[in-house]
Amino acid sequence: MGTWQIRKEEILHKVIDEGLRKGYRFIDTAQVYGNEAAIGRILGYLLPQHNLKREDIWITSKLAPANAGAAAARKSIEDSLKHLQVDYIDLLLIHWPGSSLKSENPKNKILREESWKIMGEMMKEGKLKSIGVSNFEISHLEELKKVSNVVPAVEYHPHFHQDDLVKYCNDNNIHFQAYSSLGSPTYREKLSKEPVIIKLAEKYGVSVPVILLGFAYCQGISILPRTTNPEHVVCNYEVTKRSISENDISLMLALKVEHKTCWDPRLVV
Ligand SMILES: NC(=O)c1ccc[n+]([C@@H]2O[C@H](COP(=O)([O-])OP(=O)(O)OC[C@H]3O[C@@H](n4cnc5c(N)ncnc54)[C@H](OP(=O)(O)O)[C@@H]3O)[C@@H](O)[C@H]2O)c1
């Protein structure tokens, strides 16, 4: 369950409540989303209501670019733990290969290495169960090649999929996770009007969002759809019960137009 841009506690409460009821067990947040504290309060209330324990759910959060570097990373992760009201975070990702410095500044590399080292230490301390990266390119991943357990999360939908990055992750035993599978609010309409997608939704007798989510999910790529609408929470869960043929996945792969809706890490040195 994605939570970017959902700050209103009442809405978060509604969708997380419906999600837990339906079977969602993974919540994605980030320091920059400004909703970790609300999610902490909501889970504190809702988990017992749904007869669930902390260990029944998976929380991913992300280190903000502004908190890159040894001291800021540690302090901000300690703050995330407090806000989320947890003893540990299941997965902490470096949100972005850059920092608050300009993309071309070579100090970005030093700062992300410092962050990575601190995250490794906090993993040994038991405060982070696993660590990973998000929005990294192959060049950034190559720097971390000797370190295992790297989990990139990148934009992935029929109009934007980095097949070389997916292959690199598969070859290096790195779990790959997709975000903005529905095209985010800014590109959702355009993606949903793609004739091939509409035809596939008709063919499988499901909604267009289920096909868009299935594009990643049916290739073994995990997903995190975001919605403010409890009915959409239920609709999107349908993807877990469907499969899409390899042939139809190929039809969607062929739609690639290199349209990225979110931030683009290719310029970060
Ligand atoms: N690591 C990163 O840098 C990064 C970057 C981007 C995103 N993410 C994560 O990935 C999550 C998902 O990506 P995203 O937020 O860009 O957007 P998304 O999940 O691709 O799309 C969200 C949009 O789809 C609509 N929607 C959802 N289900 C629907 C349904 N069944 N029918 C119709 N409309 C539906 C939502 O509107 P309604 O509210 O009306 O349903 C919302 O406008 C984020 O929330 C965040 O947690 C991570």
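Biologist: Which residue in strand 3 stands opposite K62?
Modeller: This is a predicted model, in which local features need pLDDT of at least 70 and side-chain atom pairs count only at pLDDT 80 or more, while totals for chains, interfaces and linings use all residues. Residues are numbered from 1 along each chain as its sequence is written. Strands (E, at least two residues) and helices (H or I, at least four) are DSSP runs numbered from the N terminus, and strands pair if DSSP finds at least two bridges between them. Strand 2 (residues 58-63) pairs with strand 3 in the parallel sense over 4 bridges, and the residue opposite K62 is L93.

Biologist: Through which helix does the chain cross from strand 2 to strand 3?
Modeller: This β-α-β crossover is right-handed, a term meaning that, with the strands pointing away from the viewer, the path from the first strand over the helix to the second runs clockwise. The helix that carries the chain across spans residues 70-84 and is helix 3.

Biologist: Which residue in strand 4 stands opposite L92?
Modeller: Strand 3 also pairs in the parallel sense with strand 4 (residues 128-133), over 5 bridges, and these two strands form a right-handed β-α-β unit with helix 4 (residues 107-124). L92 touches S61, M119 and L128, among others, where contact means C-beta atoms, placed from the backbone, within 7 Å. Opposite L92 stands I131.

Biologist: Why does Y33 count as buried?
Modeller: An unreviewed UniProt entry annotates Y33 as "active site", although such annotations may be inferred rather than shown by experiment. Y33 is found in the loop between strand 1 (26-28) and helix 2 (36-49), and touches T3 and W4, not counting residues up to four places away in sequence. A residue is buried if 20 or more other C-beta atoms, placed from the backbone, lie within 10 Å of its own, exposed if 12 or fewer, and partly exposed in between. Y33 is therefore classed as buried, because its number of C-beta neighbours inside 10 Å is 20.

Biologist: What share of the 269 residues is buried?
Modeller: The chain has 11 helices and 6 strands, and in strand 3 (residues 89-94) 5 of the 6 residues are buried. For the chain of 269 residues, the buried share is 41%.

Technical notes:
Contact = placed C-beta atoms within 7 Å.
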